[in-house]
Amino acid sequence: MTVGLFIPCYVDQFYPGAAIACLELLEKLGVTVAYPKNQTCCGQPMANSGFEHLTHGCDELFVKNFAEFDYIVAPSGSCVLHIRDHLHDEANPEKAAHISSRIYEFTSFLTDVLKVQSLPAKFPHKVGVHQSCHGQRGLHLSSMSELVAPSFSKPGSLLNMVEGIEIVHLGRNDECCGFGGTFCVAEEAVSVKMGKDRVADHLEHGAEYITGVDMSCLMHMEGILHRQGSKVKVMHIAEILNGSPLTP
Amino acid sequence: MRYWLYNTNELMTNEPMNNEVKDHAELAEIFNRDEARVDWHDETLWWIRAKRDKSVHQIPEWEALRDTASQIKNNVLSNMESYLIQFEANAKANGITVHWAADGKEHNKIVHDILTRHGVNRMVKSKSMLTEELHLNEYLAENGIDVIDSDLGERIVQLAKEPPSHIVLPCIHKKKEEIGELFHQYLGTPAGNADPQFLTETARHHLRETFLTRKVALTGVNFAVAETGEFVVCTNEGNADMGAHLADVHIASMGFEKIIPERKHLGVFLRLLTRSATGQPITTYSSHFSKPREGEEMHIIIVDNGRTVQLGREEFRNSLKCIRCGACMNTCPVYRRSGGHSYHNAISGPIGAILAPNLDMEKYADLPFASTLCGSCSNVCPVKIDIHDQLYKWRQVIVKNGYATKAKKAGMQVMTFTLSNPAVYHTGGKIGRWVMKHAPFAVNNKLNPWYKQRDMPTPPNESFGEWYAKNRKG
């Protein structure tokens, strides 16, 4: 099995640590991973702004980069959801369909495809888990508070395999953080207020770290934590699961 | 006269200022200048969302009920014409006068004509979001008719000369102290008294006089049953019943999507409606009206006002399944932190944002963007409208129809060019990170909306791509 690693543009540029953790853990689990170097973006920033018709260049590039892999894995629920729902390539519809059906968000690839039962990771800290909406409500990575359905969490089940970790309970389990792609600048006031409220929930419950499957939400909350002078850090879930060394 | 827009002080004093068209982001920014008030608004509505959760989790078959309701409504949308004709025939047979109104103008004239024919210049009206949509109150006021809203929340916003900020909880944006002040001003209660029980009692006495003296009452319609020609009005205050029973003439206004095929389907919808809205098992009053009393009149006005157009929009037609419970507003993290008036439309929140562009795409072009697409709205919707998917689809339609700003268009074209060309992307990323490291003032300034209340991420020395080229054989 060969996995094509898709690293979203902002993770590539700003959070290489999350991408490295993702790659290393997949390799530790015996997966052959390749990273196509000409990749850029899934096209979601344009599409969510109403410019889906401008994404064909991104789409064609994505198909070119990833059509040959058995699976495509990315450390982001949001980008994966976008590819699943919206990837089009008029010249290669079968290839686009193949990618849409074989692309996985990182934690669900571990739980659903690799069926990971244990992880050699240790993280003796209090951790708040942010449920990123597109992963949760879009990809069904975990149960949703609105629905009358059995509760489960794919990222949560993996975090429970980490030695010493303490997951803190939150007042609002799955409220949106307000990042929302271009929403974060187009609706700056509400976006920041949502982020402040989300961060406050984690702080009130004693989190030392806030983690999640989407670095974009974490980047937004990190920006707010920094501005508040908080010592609480954000960390992509792959870094915790990989047992990555903590950066000071 | 419209009362949508307020500056910060006006949010407190409720005096209208001007008719300048603003957008959701601007109005939300104004609302957010008083953070304590935003917290209060958010927590008040979250409390209702939590009540809803508690209530629906007591119904093991909840999701099956939602499915059933959704399917009944899908059937209605596919057979709208025949159900409406069936309803009209049965209602007429019951002795109800049925009117058809293509738009607000026709609807409002029908109401005015009925009032004129009876020689009255006063009317009592219970809760009807449709009449808000059609601006009936303003029209009747211009024609010298005095309308008193009998729903307590609606009466409060009417006194404040504001539109409702929520379809179920019209004055949810008002604190009890502000309501006390309004009652002091208009109903003569003692200054500074904000005791909810006292204020409610005052409103009750004030409305009692209205109920007893009005000859014509207008109500909304929650469900119109094709099979029987009857309609059902749901209230918690009994004000619709009080108005309709004491008046000689009952006018009921309904958007045509309120139709359901059979009476037995009420068993599904009445279980869903109030649990979704407030967490109550059922409305206090779910009143069936099927025929006028001897010698009296009952009218139904069936309104289109853009609904036919929406029904013809394949991607958006199922927004017409809405039963107006307001659950999507209570759960929406954006609505809770921007307030209903920031949507500058009679129906606010996520459902308003997918209904409004159908009425006026240019005026409401901002609304589908007032969302993070988190999807909570679609999950609470009792009739399973794919609200957040429709918000995404409206964005595409609005941009294609040319309602995106020029700056946004140019920005998107640059982004598209960069992200479609790996070499440009890699060089751009490298330059961007270098600038952030060595000239942070270039991004950390007031022109960057991210930086206003958030720090930028710390740029790493190398991108993942650069790291990978060094550490793995590509």
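**Strands and helices, term by term**

Student: What makes β1(B) and strand β10 (residues 297-303) of chain B a pair?
Tutor: They run parallel and are joined by five bridges. Two strands pair if DSSP finds at least two bridges between them, so the five bridges of β1(B) and β10 of chain B meet the rule. In β10(B), I300(B) stands opposite V98(B).

Student: What do the names and numbers rest on?
Tutor: Residues are numbered from 1 along each chain as its sequence is written, and chains are lettered from A and ligands numbered from 1 in the order in which they are written. This is a predicted model, in which local features need pLDDT of at least 70 and side-chain atom pairs count only at pLDDT 80 or more, while totals for chains, interfaces and linings use all residues.

Student: Why are β1 and β3 of chain B said to stand at the edges?
Tutor: The open sheet has six strands in the order β1-β10-β7-β4-β2-β3 (chain B), with parallel pairing. β1 (97-101) and β3 (146-149) each have a single partner strand, so one side of each has no neighbour in the sheet. From one strand to the next, the twist averages 25 degrees.

Student: Which strands are the edge strands in the four-stranded sheet of chain A?
Tutor: That open sheet has the order β2-β1-β3-β4 and parallel pairing. β2 (32-34) and β4 (103-105) of chain A pair on one side only. Strand β3 (residues 71-74) of chain A is joined to β4(A) by three bridges, and A74(A) stands opposite E105(A).

Student: How do you describe the packing of α17(B) and α19(B)?
Tutor: Helix α17 (residues 349-359) and helix α19 (residues 387-400) have axes 10 Å apart at an angle of about 35 degrees. Axes are lines fitted to C-alpha atoms, for helices over the stretch in contact, and angles run from 0 to 180 degrees between N-to-C directions.

Student: What makes that crossing left-handed?
Tutor: A crossing is left-handed if the near helix is turned anticlockwise from the far one by less than a right angle, and right-handed if clockwise. The crossing of α17(B) and α19(B) is left-handed.

Student: Which residues of α17(B) and α19(B) meet?
Tutor: Among them are I354(B) in α17(B) and W394(B) in α19(B). Contact requires C-beta atoms, placed from the backbone, within 7 Å. The contact has nine nonpolar, one polar and no charged residues. Ala, Val, Leu, Ile, Met, Phe, Trp, Tyr, Cys and Pro count as nonpolar, Asp, Glu, Lys and Arg as charged, and the others, Gly among them, as polar.

Student: Why does the radius of gyration of chain B agree with a compact globule?
Tutor: The radius is taken over C-alpha atoms, and the globule rule is 2.2 Å times the number of residues to the power 0.38. For 474 residues a compact globule would be near 23 Å, and chain B has 25 Å, which agrees.

How values were computed:
Helices (H or I, at least four residues) and strands (E, at least two) are DSSP runs, numbered from the N terminus. Two residues are in contact if their C-beta atoms, placed from the backbone, lie within 7 Å.
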